[in-house]
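Biologist: I am new to this structure. Please pick one part, look at it closely, and then show me what surrounds it.

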Amino acid sequence: MTTKQPATLLIHPERAVPGGFRSLVPGTERASTVLFENVSKWKNRSGFDESIYTYGTSGTPTTRDLQNRLAEWEGGFATVLFPSGLAAVAYAFLPFVAPGDHVLIPANVYDPVKTLANGLLKRMNVTVEQYDPLVGAGIAAQIKPNTRLVWVETPGSITMEVSDLPAIAAAAHAAGALVAIDNTYSAGWYLRAFELGADISVHALTKYPAGHSDLVMGAITARDEATWKRVKDMALQTGQCCAPDDIYLVLRGLPTMPLRIRHVERVTTDIARWIRTRPEVKLVLHPALPDCPGHDVWKRDFTGSTGVFSFVLHDQYGADAAARFIEALEFFGIGASWGGIGSLALTYDLAKSRTRWPHQGALIRLNIGLEDERDLKADLERGFAALTM
Ligand SMILES: *Cc1c(COP(=O)(O)O)cnc(C)c1O
């Protein structure tokens, strides 16, 4: 045996760790360098071959484990991970557009998508046009010969309109355009994106999959191999990857996700129904409640609802009243994101971000967390009391 100096022994130990270990918990494999068995395997490596490992940026077994579970969960061909939900959103556009192309996004889209549209996409000479999220099959009128992609987010951020994904997908496909959906709201569970016509499903894993408010990550799952390859290619070209330690935390969150979502669904629906009875409230925008635009589509296409919804106060309550409501809350934090452990409340100025928003009163968006429902209701009572102070 070759004799080794102590510093070499630290890198090439003599005693092997015993194999054959099994537990219910996946391991965490970290790497920059991946070692190859021989020169031929090194020379023949490909970042697209997910049955081998080539380098840290193209993933370790921890990466593959999460990719596989997400692809199976949603019934897609394969998944690519990104370091945030927003990065996943951006990489659902970038591989599919070129200068001169046209894409459609809903008017109620997650706001940073508009920033991407007015920034990088505009600089690439890609035209981004907004559509009414309730347009349904009528979207055909806005599809042009150079439309490459139709973006769907349902229910839409903040105002919660439920879009007719099958109708939009049929119109887009008839014109040869791809359909990508931001499926974060339903966590890929309550809306079966691929069965309803999407080609690409995007998730902020930050929300329910991670579930504990301690990381940001995103994923793109593609319906078929060709679409996956375009996304993977762009990810490889630009070195998009996630740290295995963060990936492990998502793997740790996934097994409890269905339980967490079911719990939050029940509590959220209860609270939304109770808020609907409050005299201060004009309408409740929760997809399972009839006030919500697209409620019938929700009943047809979704099998459940999750923990984020909004409500609109009567006209006499403006932005100051909404701020008083939120600041009177003890358990609802003031902060972005959702799907984690704690309840959150925010108010939005929709006059700025919506081209068509018919309501005067202030809107409050709630994320229901994992606190006891009785404490959350008592907290919201404090909010309502503060409206008239
Ligand atoms: C949070 C969110 C994102 C972005 O996810 P991050 O991980 O926070 O970047 C994208 N789309 C929707 C609908 C979201 O709610």
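Modeller: First, a term: helices (H or I, at least four residues) and strands (E, at least two) are DSSP runs, numbered from the N terminus. The model is predicted, so local features need pLDDT of at least 70 and side-chain atom pairs pLDDT 80 or more, while totals for chains, interfaces and linings use all residues. Residues are numbered from 1 along each chain as its sequence is written, and side-chain values use heavy atoms, without hydrogens or water.

Take helix α7. It runs over residues 225-237, 13 residues in total. From first C-alpha to last it reaches 18 Å, close to the expected 18 Å. That expected span is 1.5 Å times one less than the number of residues.

Now look at its sides. T227, W228, V231, K232 and A235 are buried. The buried residues of α7 line one face, because they fall within an arc of 130 degrees seen down the axis. The arc is taken from the directions from the helix axis to the C-beta atoms. An α-helix has 3.6 residues a turn, so residues three or four places apart point the same way. On the other side of α7, A226 and Q237 are exposed. Buried means under 20% relative accessible area, exposed over 50%, and partly exposed in between (1.4 Å probe, protein chains only).

What does the buried side pack against? Its partners are helices α3 (61-74) and α4 (85-93), with strands β1 (78-82), β6 (200-204) and β7 (218-222). Contact here means heavy atoms within 4.5 Å. Past the helix comes G239, with a positive phi near 65 degrees.

A backbone N or O atom of L86 sits 2.9 Å from a ligand oxygen. The D182 side chain places a polar atom 2.6 Å from a ligand nitrogen. For the T206 side chain, a polar atom lies 2.5 Å from a ligand oxygen.

Methods
A polar contact is a pair of N or O atoms within 3.5 Å; within protein, one must be able to donate a hydrogen and the other to accept it, and residues adjacent in sequence count only if both atoms are side-chain atoms.
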